[in-house]
Amino acid sequence: MTARKLTINGRKVELQAGADMPLLWALRDVLGLTGTKYGCGVGLCGACTVLDGDRAIRSCQVGVGAAEGHSITTIEGLSEDASHPIQKAWLEEDVAQCGYCQPAMILAIRALLRENPDPTPAEIDAALSDHVCRCGSYPRIRKAALRAARLGGGK
C-alpha cells in the first residue's frame with residue numbers, strides 16, 4: 001500500500017491505501033466519515049454521493065488514487081453544525097424519514113445549486129433522477145431543494 005494524500009472537507013489527510021480502494025471505503029472505514037452511505041456498490045442508487053469540487057460523484061466508483069489532488073466534500077464537511085442553507089431547508093421541510101439517502105441528496109442539491117441557483121422543480125427532479133429514496137419522500141425533497149435555493153444554498 002502507498003501513502004495517499006487527499007483533501008477531505010478542507011483538511012489534508014494521508015492514509016495507507018491501494019489506488020483502487022473505493023473512496024467510499026476510505027471515507028467510511030479509514031477516516032470514520034460515516035455520513036457517506038453504502039447503497040448498491042455499483043453507482044446506481046446515489047447513496048454514496050460526495051462532492052469533488054462542486055461536482056457530485058459516486059464515491060463507490062472512484063478509487064482513492066483518482067481522488068488524490070481533488071477536494072472532496074462529504075456531508076460532514078458541508079457545515080459543522082447543520083447550518084448550511086440546504087440543511088436548514090431539509091429540517092424546515094421535515095424531509096427525512098429513514099434518512100439513509102439524505103446526505104447524498106443534500107450534496108446532489110448542493111452541486112445543482114452551484115450550477116443553477118434557481119432551478120425549476122423539473123430541474124430538481126432531473127438532478128435527482130438517479131438517486132433512490134426507498135421512503136418515497138421525493139415531494140418533500142423537491143420542496144426543500146426549492147427552499148434551499150431561496151436561502152442561497154448554492155453558496
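**Salt bridges across the chain**

Mentor: Glu 68 pairs with Arg 4 in a salt bridge, with the closest N and O atoms 3.1 Å apart. A salt bridge here is a side-chain nitrogen of Lys or Arg within 4 Å of a carboxyl oxygen of Asp or Glu. This pair links distant parts of the chain. Glu 68 sits in the loop between helix H2 (64-67) and strand E5 (71-73). Arg 4 is in strand E1 (residues 2-8), and the two are 64 residues apart. Helices (H or I, at least four residues) and strands (E, at least two) are DSSP runs, numbered from the N terminus.

The model is predicted: local features need pLDDT of at least 70, side-chain atom pairs count only at pLDDT 80 or more, and totals for chains, interfaces and linings use all residues. Residues are numbered from 1 along each chain as its sequence is written, and side-chain values use heavy atoms, with hydrogens and water left out.

Now look at burial. Buried means under 20% relative accessible area, exposed over 50%, and partly exposed in between (1.4 Å probe, protein chains only). Arg 4 counts as buried because its relative accessibility is 13%. Glu 68 is at 29%, so Glu 68 counts as partly exposed.

The structure holds 8 salt bridges. Another one joins Asp 54 and Arg 114, with the closest N and O atoms 3.4 Å apart. This pair, too, links distant parts of the chain, 60 residues apart. Asp 54 lies in the loop between E3 and strand E4 (55-58). Arg 114 belongs to helix H5. Asp 54 is partly exposed, at 40% relative accessibility. Arg 114 is partly exposed as well, at 39%.

Next, take Glu 93 and Arg 147. Their side chains meet in a salt bridge of 2.8 Å, N to O. Glu 93 is in the loop between H4 and H5, and Arg 147 is in helix H7 (residues 138-150), so the pair ties together parts 54 residues apart in sequence. Glu 93 is buried, with a relative accessible area of 12%. Arg 147 counts as partly exposed, at 25%.
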